[in-house]
Amino acid sequence: MGECSNTGVVIQMQDYSIHDGDGVRTTIFLAGCKLRCQWCANPESWTPKRKLVYYKHKCTNCMKCSLACPMNLVPCKMERPNDVCITCGKCVDVCPQKALDIACVEKNSEDLLKKIERDALFFRFTGGGVTFSGGEPFLQHKFMRVLLDRFEELGIDSWVETCGYFDFESVKDLLPKFSHIFMDIKHMDSKKHKEFTGCGNELILENAKKIYATGVPMTIRIPTIAEVNLDDKNLEQTAQFINKNLPTADVELLPYHELGKAKYISLGIEDKFVKFTTPTVEQLNHASEIFKNHGIEIVEYR
Amino acid sequence: MNTTPRIERLRQNYVNSKPSVCIERARIFTESHMCTEGMPTPIRRAQAFYDFCNEFEIKIFEDELIVGTAGKFRRSGILTPEFSWKWVDKEMDMFDKRPQDPYEMTDVQRDYVRNNIFPYWKGQSLEEHFLSILPKETAKIAVDTGIVDNDSKWRQAVGETTPDYQDVLFPSGFQGILKEAEENLAKLDYANPDDLEKIIFYKSTILTSKGIMRFAERYADLAERMAKEEKDKERSNELLKISKVCRNVPANPPKSFHEAIQFVWFVQLGAIISENPLALNPGRFDQYMFPYYDADIKAGTMTKEDGEELVQALWLKFSEWVWTISANTTGYFAGYNQFQNLTVGGRKRDGSDATNALSYICLEATDKVRTHQPGLSVRIHSDCPQKFLDAVTDLVSKGTGFPAIHNDQAGAQMLLQAGYEPEDARDWSNCGCVVPHFRKTGQWTAAVNINFAAALEYALNEGKSRLTGEKMGLDAKPVSEYKSYEEVKNATLEQMKNLIYHSVVATVVAQKLHTQLVPRPFLSTCVEDCMKNGKDLSRGGAHYNVGPVLTGIGLAVVANSLAVIKKLVFQDKIITMSELNDALNANWVGYEDLKAKALSVPKYGNDDDYVDAIAREIANYYYEETRAHKDIFGSKFNSAFMGISNYIPTGKVVGATPCGREATKPITEGVSPYAGSDISSPLAAMRSSAKMNHDVHTGGTLLNLRLSEDMVKTQKGKRDLGNIIRAYFSLGAFHVQFNTLSTEVLRKAQKSPEDYKDLLVRVAGYSTQFVNLSPEMQEAIIARTAHTNM
């Protein structure tokens, strides 16, 4: 039995999720991730640290936020607010336009469960449940441990979506509690992997095998990005890896999108946004074919 | 859209032609009345009906399979001066210029009605009688105010009837009805004082039955003549077939699916000619039509495609005629809407599943022809075939706003509460937008709209309108003197009670006048037991007489506002009642901080019990108070939270409200959340809505939600939505309907309406063409939260 924590840092709870598994699910996005994928659409999830979020399009320049700020900052006019902001939230409270917000708020398991219990009605009718996502949810395994036990008691189905970069030993007791695991494989070449995500892929591939060994059904999710991993060589190697090590796993291709850009802007880190190219339908079909040629099923949770 | 070329041509004509006013019905009715002075009113109305059927210059238009119009144009609206001519006189010069639901009308027509028709009705119309009797206190808040509104019950006919094809019309035909009337008449005796009303009644039904048969016979003759002259062989044969069909129906029971469909349209026409009705419902179409469909398919006399074409042709007929209404009424019922509600699916009378091949054909027809009529409703029961639910969510995904999705069991429960026998309760269909109804019933299903937000305003503003300063409500103490939340709430309920009282007065007065001035002989022959009882539908002749429905508007605004007062003033004590009052008087200008605080208090529609409990308490009170009153037949009034487009005009007369809403902005429809405040998800909005006790509000409840089209693009998305609906209904909720359009699409439609003429959107209890809505209505639609996934 691993360690437990009744609180965790939640980025968002999204109900009526239909793209994160069977049925209608509530996706719990947990903060914190060791990877820094250049295409990441959720930059607020990198660390569990509280962050000031500013939506410029809502702002009317009323300057009430600056009057409220105990640090004498001007929350709506800062270049990189999160370098200096203490996230006391005073500006958020006074903003009449709701143009300011705090991301990565600590929540306790009881409050979260109240929401999940309400959503459970829809899980029962749609064959859905909860999906943990992030960030890398396993970094908050202590919080997940508490939640998963309660979900089990309540008969709520749990899935997880992981980038695979975590310490296996500390989470292995949790794995059998999931009825399905989504795991990313971003690139088979560790050097490239490091170039695009900041980390090599050895731990990830190792964890993939270990997760597979638990017998929980697996779907390998591949963020497909023209400049990164859509070359035949990488796709072939990925398919071979799956074939050899995860023979019953299926694959879902997730085409790159630019929707994360607004988040970079709202966090004041627009300079960190890297633009990639969304693959064409032809490129996606071609990638699918490669996996199918290896006898790997392509699935879509859409 | 793979319709037949004929349907596509009919469809193009419907989409591209502007409705026109035809004055023939008014002319013939008026001339007939000039010849029947001194006779009993039912006879005069029936004779006028007969004269129209006999004299009106009928036409069969190009491509038509189903024939008959109530006016000279394909898209005709008619005038009924016996109900009201004044509004027409006042407004007709602007008919083609008004923003909502314009009609074509020529100066020649205008001169004719002003010189030859309106003078005859001066002092005689229902409107004039009504306004002369209505007590002053009631008139002050109930005539064109947007506070208590029932003008559709004294400027218009009632409508709100579901002809009984199952047990009355198809088995007997009007020949059978005529025979029944003559036989019953023969048994009566003028020496028996009780018989006189019955004698007059039967005589009136004899005239209307003969009238509708004469009407059909003339179409048969015309079709035959046209067939002879027609050069195109195929069309000539069609015309001969039309002639044969009109020779048999509606005089006799239909012998084929085609005849049954034409029968239905003749009955609609009979009702239109009689009274220009709202909510003349085709009812459980898939149930009573299926035997004819099935027999023709089995006999090989009709292909499935022929059957589909006939259904689609009927859909176009339903959509072509126009319910002519005043500008005020268009605020409540926008979009050329006639509210002909057609219900498919559900359970049979014995409780078994009722879905059949026609249920699916109806859903497909709405997808293919994209007409705003009929108002397509489905009943979903717990054991409904998955295939049917899939067909329903597939239609939802097309973004037509149809169908209105109803909980079969909740509908039956509502009817049980209203006093129906269990088998009849299971056999319900929708009336108008979302009223669970049964065909053997006389009821005013949309009697009055009551503005809840006005009640709140009067409680907070010493009984006065915040916009005009005029005293409209009961006395109320200065806002600063309220010492507790309970006091504010009770004062609001007290004002609501007063509005309910005046609604009852306005309804009872109108009901009484209807029995005297505008009896309904034709529709009396379409509803069971009027003939047995020898009593007109307007006088309580139907098998069931159910109390009128009072619709509450603005439930969410009042609940949200009371929550703000409860939390900010009395719980957190961060503002005072006086400060709030100042902010409302200033329409929040200069009080932006206060407004932000008000907006941050929990809002109804997010599954937050803090405010949802207040909404439930108001709804329960409304039910109790409504049920405390009885109509002229001794039936208890019924409560409802339905919507029409009524949340817009009712909002216009209410100043800023504590919930953060600005003055004159729309309030809320049915049990729907305030536009844009259901920020959590549609699931939370459903859970909030289900907290109202839907089953007691037997006049219907309505929840409208907008979904981003992405949520229902795929098979999985559609299947998930179907199961969400099942979950929602398991909570006892009655209705939900979705607009699944992207805001982007709607903006494009605003910019180039020419390209989006057939874009259907859900307005409230119904759908209509988006481009037919006024700009402010369009904005209101767009403002509804589009629930998008991340």
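**Reading the two chains**

Author: In chain B, 78% of the contacts between residues at least 6 apart in sequence join residues at least 24 apart; two residues are in contact if their C-beta atoms, placed from the backbone, lie within 7 Å. This is a predicted model, in which local features need pLDDT of at least 70, side-chain atom pairs count only at pLDDT 80 or more, and totals for chains, interfaces and linings use all residues. Residues are numbered from 1 along each chain as its sequence is written, while chains are lettered from A and ligands numbered from 1 in the order in which they are written.

Reader: What is the corresponding percentage of contacts in chain A?

Author: In chain A, 73% of the contacts with a separation of 6 or more come from residues 24 or more positions apart.

Reader: How many helices and strands does chain B have?

Author: Helices (H or I, at least four residues) and strands (E, at least two) are DSSP runs, numbered from the N terminus. Chain B has 31 helices and 18 strands. Its radius of gyration is 26 Å, close to the 28 Å that the globule rule gives for 790 residues, so chain B is as compact as a globular protein of that length. The radius is taken over C-alpha atoms, and the rule is 2.2 Å times the number of residues to the power 0.38. Along the principal axes, the C-alpha atoms of chain B fill a box of roughly 85 × 65 × 50 Å.

Reader: What share of the residues in chain B is buried?

Author: A residue is buried if 20 or more other C-beta atoms lie within 10 Å of its own, exposed if 12 or fewer, and partly exposed in between, with C-beta atoms placed from the backbone. Of the 790 residues in chain B, 62% are buried; of the 302 residues of chain A, 44% are.

Reader: Why is α23 of chain B described as largely enclosed?

Author: Because 15 of the 17 residues of α23(B) are buried, the helix is largely enclosed by the rest of the structure. The helix covers residues 555–571 and should span 24 Å at 1.5 Å a residue; its end C-alpha atoms are 22 Å apart, which agrees. The expected span is 1.5 Å times one less than the number of residues. Just after α23(B), B:Lys573 takes a positive phi of about 55°.

Reader: Which residues have the most contacts inside the largest nonpolar core?

Author: A nonpolar core is a set of buried Ala, Val, Leu, Ile, Met, Phe, Trp, Tyr and Cys residues joined through C-beta atoms within 7 Å. The largest has 332 residues, and those with the most contacts inside it include B:Leu555 and B:Ala559. Not counting residues up to four places away in sequence, B:Ala559 touches B:Tyr604, B:Val611, B:Ile614, B:Ala615 and B:Ile618.

Reader: Where is B:Ala663?

Author: B:Ala663 is in the loop between α27 (649–652) and α28 (682–690) of chain B. With 18 C-beta neighbours inside 10 Å, B:Ala663 counts as partly exposed. Leaving aside neighbours within four places in sequence, B:Ala663 is in contact with B:Leu467, B:Asn587, B:Gly655 and B:Ala656.

Reader: How many residues does each chain give to the contact between chain A and chain B?

Author: Chain A gives 16 residues and chain B gives 21. On the side of chain A, α4(A) gives the most, with 6 residues.
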